[in-house]
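Me: I have just opened this entry and would like a guided look at it. Could we go through it step by step?

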Amino acid sequence: MGFDYDVAVVGAGVAGCCCARELARYDLATVVLEAGLDIACGATRANSGIVHAGYDPTPGTLKARYNVEGARLMPEWAHELGFSYVRNGAYVVAFSEDDACTIGELADRARANGVAGVSVITGAEARAAEPSLSDEVVAALDVPMSAICDPYGVAFAAAENAAENGVAFRFGARVATVEKRGEEGKADVGFRVTCEDGSVFTVRTVVNAAGVFADELNNQVSAHTLRIVPRRGEYCLYDTNRASAFKRTIFQPPTDAGKGVLVSPTVHGNLFCGPTSVPQQDKSAPDTTEEGLAYVIEQAKRTWPEASGRDVITNFAGLRASGESGDFVIGQPDDAPGFFNIACLESPGLTSAPAIAVDIAGQVAARLGAQKRADFNPHRAALKPFAQMSDEERAESVRRDPAMGRLVCRCRNVTEGELVSALHGPLPPLTLDALKWRTGATMGRCHGGFCTPEILKIASRELDIEPTAFVKSRAGSYLIASARPDYRALVSEGEPVAGAGVGATAHADAAVTAPYDVVVVGGGAAGMAAATRARVAGAERVVLIDREAHLGGIMKQCIHNGFGLSRFGQELTGPQFVWKEQRALDLRGAKVRAGMSVLRIDAAAHPGEPHTVVCVDDTGLHLVRTWAVVLATGSRERGAGAIGMAGSRPSGVFTAGEAQNLMNLQGCLPGTRAVVLGSGDIGLIMARRMTLAGMQVEGVYELMPTPSGLKRNIVQCLQDFDIPLHLSRTVVRLEGERRLEAVWIAHVDPATHRPIPDTAVRVPCDTLVLSVGLLPENEVAKSAGVELDRLTGGPVVDDRFETNVPGVFSCGNALHIHDLADYAAAEGDEAGSAAAQYVVAAKAATRASAAKAGVGAAPAGSVPETAAAAGAASLGAEAKPDSDRGVPIVAGEGIRYTVPQFVSFAEPSERSLSIAFRVSRAIERPRFSVEVVDEEGNATEVSARSGVVAVPAEMRHLRVDRTDLGNCATLRVSVKEGK
Amino acid sequence: MAERTSEADLRIGASAADAVKTRRAGDRPAAGAAAGSDGAPAVGIAAASGETKQLTCITCPKGCSITVAVEDGAIASVEGAGCRRGEKYARAEATNPQRTVTASLCVPGCLEPLSVRTAEPVPKARMADVVRAISQLTPQLPIEMDQVVCPDIAGTGVAVVATKRLPA
Ligand code: SF4
């Protein structure tokens, strides 16, 4: 009868998507109209993700009814649709007697609402189960039925299942008007829905799931007006290393002001705290605010005293659609039959969504006389994420699709194969954010610093679009300003297949080959040097594994000069430096496996066994056995999340290395007008690079009162180009809904390093480049059980660069951040030869003891148990306790850290000991000193040096004569201000 | 460091001799406003002061502060250099400043741009010309490491060489 669709669902949040999925069960033509370019652009995205048990809503309300029913359905849906759902339980904690009364009332409500298993426990009991809980907690409501889920995942799984079952989705379709048409009771009764882009849909029924805009739609067709006051909620998300703080979701007692700030693990293995709850007039996407984020952490401290800004990887804000009545508004207003509200869906809206969807779909079907379809498939064929696969599943997936062996997002282990299948899924992603939310790519520790340039290539190729047309989130949120005209053609031709022809071993037969002597993980400056030196020092079988197609790591994109003076006596560019290292490597005959990613290291379980390096490339999964490992995994850049900048989330924010990659390895220009935050060397280099490439660089802003890059770079990168450097400043706020439009820059108190209120000025720009520090990358080290130093972020090593795991060595930026590539390479030399010496010595000891035992030389690959008796030089021994690692080197007065942290006494006494360190604050006329401290605490100075000035940004070295180390209990490095 | 910490704004002033100026600092609304609001003086690390020039050596990462005294257009003394290379740099910087230019350019048939450098430093005043001239070069695959892609860039007499190998 001239209808385009039977049902138009307005809004693709979790309510709309769940409803679309339930409507797909019926013989109905359904379209979902979404204003944004992805599902879940509104309240769903920035949501706590809690599947509430139902103890909170007032009995008898819609909230109570749908919450309890939704919580019951959620695990069923999770099973059918394949989204993450974890029943982790919750505590509602009480800090006072009053609070204890409140949680007693909640327990009563839980019973009234039919929630099972709820009980009140003491503070001590709560702390016994959750040791991170504050001592102030006097009692808690234990809610074992509480669960967590991924709100985006719920909406996406429902939407994809709906799409698979024939529901149409229109993105970028913001509904402007809904008009009734026809006459109730006649066949032509329905609605005319007009979108802002001019498209018109005639439909029989409308499901109003428009979130904060649901009141406006309702008020167009019904006299029962609604008024939604959006409430802003802000959150802080912590790195996965904080996830162990709590197993359960910890709620604070509800007050008149709301549910309070909660602390909870997420299904992705992070921890978050939030939200704030602030009414706001504006219905557009909310910004985070400095006050809000400070408030969240302050409040979280009540529950979790350790809460701080440390390890916060990002912050986000969402709007909740709060209605005036305090309850949900569900179903048809009596004056607008055929118009179904799912409105005012504030908490517990997510939990309730499946139950509401079932109800509303049933009501729509009843009105339209629709029948259930026999061919509805409630199951979604979700691809298991590579990161969650077993080794066997990984091997099998690579066998089926070689692209599954190419890791693109190294932090979350997302493969090219997963990105490609997401890009061609039933509901293809149209934006980078959509791809990110669906695959997890760019969501890890580096926040896309490494993988965004790679993803741009893949998206351009698979979607056959110009890279400038790929947006971050909304129309206009372009990622790069310009690209070469033939970019699309070149990416379509495809890259050479990485990793091919390197003699990779298939998963099945890996175990039969003899172990390597040394495996070096990471082919940057330090790793290449380590592999070369391992061969020089006598290791026979050495392999260097690197994830990229070409060796060199970050040096490949450092096309500027300034490298190699100390190493090669010649001033080189990054690629030239790599070239020289590559030639040395080839000359020494180390094997190279490029395009291969190390997933983890299984350290030897028993003495006499090798370590196993588990890696993947496009030929399969490989178990590489080796006696020694050198970890040269480099570093990642600190990103925007770590700095806790408030504001919106526009495109145009890059780490310096990401911008460098886009320019120097892909020939793209990130923007036209840039601000650089941080005066690290990469930031200074990029300020010059962008200027020379025709971009306008407004200035470099540094938080600290002193610049952190080398003086030469301040001269040749800033001064030469008249780029101002502003010290004691920082970016406090980003502006721009789509692409970055401006940053707000505040003065910083040099004493506290905190922004001074009311000093912020607006600096217009479309690009913000961050050069705010590097963090050692040690996920692989952690998998091997390597102990890390909290101050360096790298492993704790002895003077042979060996970690606490025997046979596992570390060097370069993975060990501690270096100022110069030359020094990282020099450390690689040391670690590589130490690893080789370790293997050579252990093999000799094994042969000697085997000969003594009369069994002859041990065959390669089977070092007998007797090797363990060979003492210090045994292979694959257990992790060493500190007491076995030699004399500790401690950071004394004015020193932030030292590397190494132990002296092993395994080195010959004629080799002097070199200690690298950084000062903890700027100091004038420093006098550095190394003292030997004996058992009684008597200190004797054994090395000293004076300087003009020392700053934390500059790494220092001191040498100590090993013959001075007799009678030494600890070695102490300190610095004092000189006269 | 004490004096420095009090300066919120360390304006790296370029000496009058610096020819590669794309804009004047005063043209920047942000920088201008910031400098004006706190009244911080512009500090020139390498500002010419009378007969002596304070320079920061850029030859190696140490970054020595070097003082060059110039009398009647000739160099009278060089102090502060940590090595001979630095002294040479300082003499050149005081009379005819030079820089090595690095850049990248797109080569048909290869997504990864070719990285290049000037084989020798070029006069600092010619940097912008050199960058522009490099962007107009059209080398073809394959390209070997150290291959000369232009024997004389922008009339400086200095060659531009590849710092990367791009196979066909
Ligand atoms: S003078 Fe010599 S030591 Fe000092 S920065 Fe220049 S090159 Fe380095």
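Reply: A definition comes first: a residue is near a molecule or strand if one of its heavy atoms lies within 4 Å of it. This is a predicted model, in which local features need pLDDT of at least 70 and side-chain atom pairs count only at pLDDT 80 or more, while totals for chains, interfaces and linings use all residues; side-chain values use heavy atoms, with hydrogens and water left out. Residues are numbered from 1 along each chain as its sequence is written, chains are lettered from A, and ligands are numbered from 1 in the order in which they are written.

Me: Which residues surround the ligand?
Reply: The ligand is surrounded by B:Cys57, B:Thr59, B:Cys60, B:Lys62, B:Gly63, B:Cys64, B:Ala81, B:Gly82, B:Cys83 and B:Gly86.

Me: How does that shell divide into nonpolar, polar and charged?
Reply: Five residues of the shell are nonpolar, four are polar and one is charged. Here Ala, Val, Leu, Ile, Met, Phe, Trp, Tyr, Cys and Pro count as nonpolar, Asp, Glu, Lys and Arg as charged, and the others, Gly among them, as polar.

Me: How many helices and strands are in chain B?
Reply: Chain B has four helices and 11 strands.

Me: What share of chain B counts as buried?
Reply: Of its 168 residues, 43% count as buried. Buried means under 20% relative accessible area, exposed over 50%, and partly exposed in between (1.4 Å probe, protein chains only).

Me: Changing topic, how many disulfides are there over all chains?
Reply: The count is zero, a disulfide being a pair of cysteine sulfur atoms within 2.5 Å.

Me: On to chain A. Which way do the residues of strand E15 point?
Reply: From E15 (residues 262-265) of chain A, A:Leu262 and A:Ser264 point one way and A:Val263 and A:Pro265 the other way, and all are buried. In a regular strand the side chains alternate between the two faces of the sheet.

Me: What runs beside E15(A), parallel or antiparallel?
Reply: Strand E16 (residues 271-274) of chain A runs antiparallel to E15(A), joined to it by four bridges; two strands pair if DSSP finds at least two bridges between them. A:Val263 stands opposite A:Cys273 in E16(A). Five residues lie between the strands of this hairpin, where A:Gly269 takes a positive phi near 85°.

Me: Which peptide bonds are cis?
Reply: The bond from A:Gly274 to A:Pro275 is cis, with omega near -5°, and A:Pro275 lies in the loop between E16 and strand E17 (278-279) of chain A. Another cis bond joins A:Val899 and A:Pro900, with omega about 0°.

Me: Is A:Asp758 buried or exposed?
Reply: A:Asp758 counts as exposed, at 83% relative accessibility. This residue has a positive phi of about 65° although it is not a glycine. Most residues other than glycine have a negative phi, and most peptide bonds are trans.

Technical notes
Helix = DSSP H or I, 4+ residues; strand = E, 2+ residues; numbered from the N terminus.
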